[in-house]
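Reader: I have a new model open on my screen and would like to talk it through. Could you start with what you mean by a contact, and then take me around?

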Amino acid sequence: FIGVTAAIVQRRFPTPSAKRFATPSSYRYDTHYFEQQIDHFGFVEHVGVYEQRYLISLEYWKPGKPIFFYTGNEGDVTWFSNNTGFMWDIAPEFEAMLLFAEHRYYGDSLPFGNDTYASSKNLQYLTSEQALADYAMLIEHVKATQPGAASSPVIAFGGSYGGMLAAWFRMKYP
């Protein structure tokens, strides 16, 4: 019965063709850094700025078409980019730009450089609210600097904590 079951499964659920779906080794993106405020909400003192890393792929994008935005979560953004196949799979069909933002305090996006984790005082800016403000500023920057992107709709993606960020992002920055 094993051979029969395998044949039925193969007929009902065909194996995706390599031509149809992208693989992590074929993902092409450019790495950039954007200057972010460490504290988007403080009014008394200027805490400083840091460089937020983001990845962008214009391989399938046509001006005015959507921006698929990955709300980075707790880790290096390159890992998430290389393991978020769904976005890469549907980008050609939607002629979408792919934009992956790295979450503050992870990967290369360290607000206080090597001292980021040296003091609990430095961790006060590690909040979902600050991360969402980072994402809003980054999208604003990309729309202003990428020709043809100003009118592009943005669709946020994420999983687990990143999925919550995507939902909160839609609510706070519609």
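Author: Contact here means that heavy atoms lie within 4.5 Å of each other. Please keep in mind as we go that this is a predicted model.

Reader: Good, then which residues does phenylalanine 68 touch, leaving out those up to four places away in sequence?

Author: Phenylalanine 68 touches Met87, Ile90, Ala91, Phe94, Ala96, Met97, Leu98, Leu99, Ile155 and Phe157, when residues up to four places away in sequence are not counted.

Reader: Where does phenylalanine 68 sit, and is it buried or exposed?

Author: Phenylalanine 68 belongs to strand S3, and it counts as buried because its relative accessibility is 3%, where the cut-off for buried is under 20%.

Reader: How far apart are phenylalanine 68 and phenylalanine 94?

Author: In sequence they are separated by 26 residues, while in space the distance from C-alpha to C-alpha is 9.5 Å.

Reader: Let me zoom out, then: how many helices and strands does the protein chain have, and in what order do they run?

Author: The protein chain has 5 helices and 5 strands, and starting from the N terminus the order of the elements is α-β-β-β-α-α-β-α-β-α.

Reader: And what share of the residues is buried?

Author: Of the 174 residues in the protein chain, 37% are buried. As for contacts between residues at least 6 apart in sequence, 71% of them join residues at least 24 apart.

Reader: Now helix H5, please: what is its span, and which of its residues are buried?

Author: Helix H5 covers residues 161-172, and its 12 residues reach 16 Å from the first C-alpha to the last, which is close to the 16 Å expected at 1.5 Å a residue. The buried residues of H5 are Gly162, Leu165, Ala166 and Phe169. Viewed down the axis of H5, these buried residues fall within an arc of 100°, so they line one face of the helix.

Reader: What do the buried residues of H5 pack against?

Author: They pack against strand S3 (67-71), helix H4 (128-145) and strand S5 (154-157), and S3 is the strand that holds phenylalanine 68.

Notes. Residues are numbered from 1 along each chain as its sequence is written. This is a predicted model: local features need pLDDT of at least 70, side-chain atom pairs count only at pLDDT 80 or more; totals for chains, interfaces and linings use all residues. Side-chain values use heavy atoms; hydrogens and water are left out. Helices (H or I, at least four residues) and strands (E, at least two) are DSSP runs, numbered from the N terminus. The expected span of a helix is 1.5 Å times one less than its number of residues. Buried means under 20% relative accessible area, exposed over 50%, partly exposed in between (1.4 Å probe, protein chains only). The arc is that of the directions from the helix axis to the C-beta atoms.
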